[in-house]
Amino acid sequence: MAGVPVSRAAAPDLRRSVLAAAVVGVAVMAAVDEIVFHQILGWHHFYDRSTLSVGLLSDGLLHSAELIALVGGFFWYADLRRRGALLPRAAWGGFLLGAGAFQLFDGIVDHKVLRLHQIRYGVHLLPYDVVWNAAAVVLLLLGAWVTWRVRSRHGRDVP
């Protein structure tokens, strides 16, 4: 057809495949945290150092940010796939890296450094903190391993 640009398949792009899926991983882990721990279990809100209304507002803002990241990450992922530049296994590694990064950031920065909230109140926190952060490290290690395997299989062909 005249006037319609012909798109060629792009070269596989490891970095962008990992990053796009990492954005999705961060968003999904934020959703799991918010749905399970904030809503279903009611253990905490994103910001617990004020009133219940402020806590609910902070949960809504977290949910909004998570949805924006989820939509943006999926659009990025879809664009890579459409152009033939997506490496699906690398994307799985990125997803795990993003999920683990969110979990570890939340466990260290939000829970301990900024003290925005704790995992749970009225209990001994050490077992909860250990499981929370250990789960994050497991996700990060799995993501790094998957990404490393993809890079080693594709060698220098993958940017």
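From the N terminus on, the elements of the protein chain run α-α-α-α. The count is 4 helices and 0 strands. The model on screen is predicted.

**Start with the whole chain.** The C-alpha atoms fill a box of roughly 65 × 35 × 25 Å. Of the 159 residues, 36% count as buried. Now consider contacts with a separation of 6 or more: 77% of them join residues 24 or more positions apart.

**Select the largest nonpolar core.** Pick Met29, Ala30, Leu62, Leu96, Ala99, Phe102, Leu139 and Val146. These 8 residues make up the largest nonpolar core. Which elements give two or more residues to this core? They are helix H1 (14-40), helix H3 (88-113) and helix H4 (126-154). H3 provides the largest share, 3 residues. In soluble globular proteins, nonpolar side chains tend to be buried together.

**Zoom in on Leu139.** Ignore its neighbours within four places in sequence. Leu139 is then in contact with Met29, Leu96, Leu97, Ala99 and Gly100.

**Move to the second core.** A separate core of 6 residues includes Ala20, Leu80, Ala85 and Ala91. Colour these four differently from the first set.

**Turn to the surface.** Select Val138, Leu142, Trp145 and Trp148. Together they make a nonpolar surface patch of about 460 Å². Stop at Trp148, which sits in helix H4. Is Trp148 buried or exposed? Its relative accessible area is 55%, so Trp148 counts as exposed, the cut-off being over 50%.

**Now show the aromatic rings.** A search of the whole structure finds 4 aromatic pairs. Begin with Phe37 and Trp132. Their ring centres are 5.0 Å apart and their planes meet at 70°, so this pair is edge-to-face. Phe37 lies in helix H1 and Trp132 in helix H4, so the pair ties together parts that are 95 residues apart in sequence.

Next, pick Trp43 and Tyr128. This aromatic pair is edge-to-face too, at 5.6 Å centre to centre with 90° between the planes. Where do the two partners lie? Trp43 is in the loop between H1 and helix H2 (52-82), while Tyr128 is in helix H4. The pair therefore ties together parts that are 85 residues apart in sequence. Tyr128 is partly exposed, with a relative accessible area of 25%.

Ring pairs link Phe37, Trp43, Tyr128 and Trp132 into a cluster.

**Step along to His45.** This residue is found in the loop between H1 and H2. Is His45 buried or exposed? At 15% relative accessibility, His45 counts as buried, since the cut-off is under 20%. What does His45 touch, leaving aside neighbours within four places in sequence? Its contacts are His38, Leu52, Gly55, Leu56, Ser58, Asp59 and His117.

**Finish at Arg115.** Look in the loop between H3 and H4. Phi of Arg115 is near 55°, a positive value in a residue other than glycine. Arg115 is partly exposed, with a relative accessible area of 48%.

Terms used:
Residues are numbered from 1 along each chain as its sequence is written. This is a predicted model: local features need pLDDT of at least 70, side-chain atom pairs count only at pLDDT 80 or more; totals for chains, interfaces and linings use all residues. Side-chain values use heavy atoms; hydrogens and water are left out. A nonpolar core is a set of buried Ala, Val, Leu, Ile, Met, Phe, Trp, Tyr and Cys residues joined through side-chain atoms within 4.5 Å. Buried means under 20% relative accessible area, exposed over 50%, partly exposed in between (1.4 Å probe, protein chains only). Contact means heavy atoms within 4.5 Å. Patches are made of residues with over 30% relative accessible area and no salt bridge: like charges are joined within 9 Å, nonpolar side chains (Val, Leu, Ile, Met, Phe, Trp, Tyr) within 5 Å. Accessible areas come from the Shrake-Rupley method with a 1.4 Å probe; for residues, only the protein chains shown count as cover. A salt bridge is a side-chain nitrogen of Lys or Arg within 4 Å of a carboxyl oxygen of Asp or Glu. Rings of Phe, Tyr and Trp (its six-membered ring) pair if their centres lie within 6.5 Å; planes under 30 degrees apart count as stacked, over 60 as edge-to-face and the rest as tilted.
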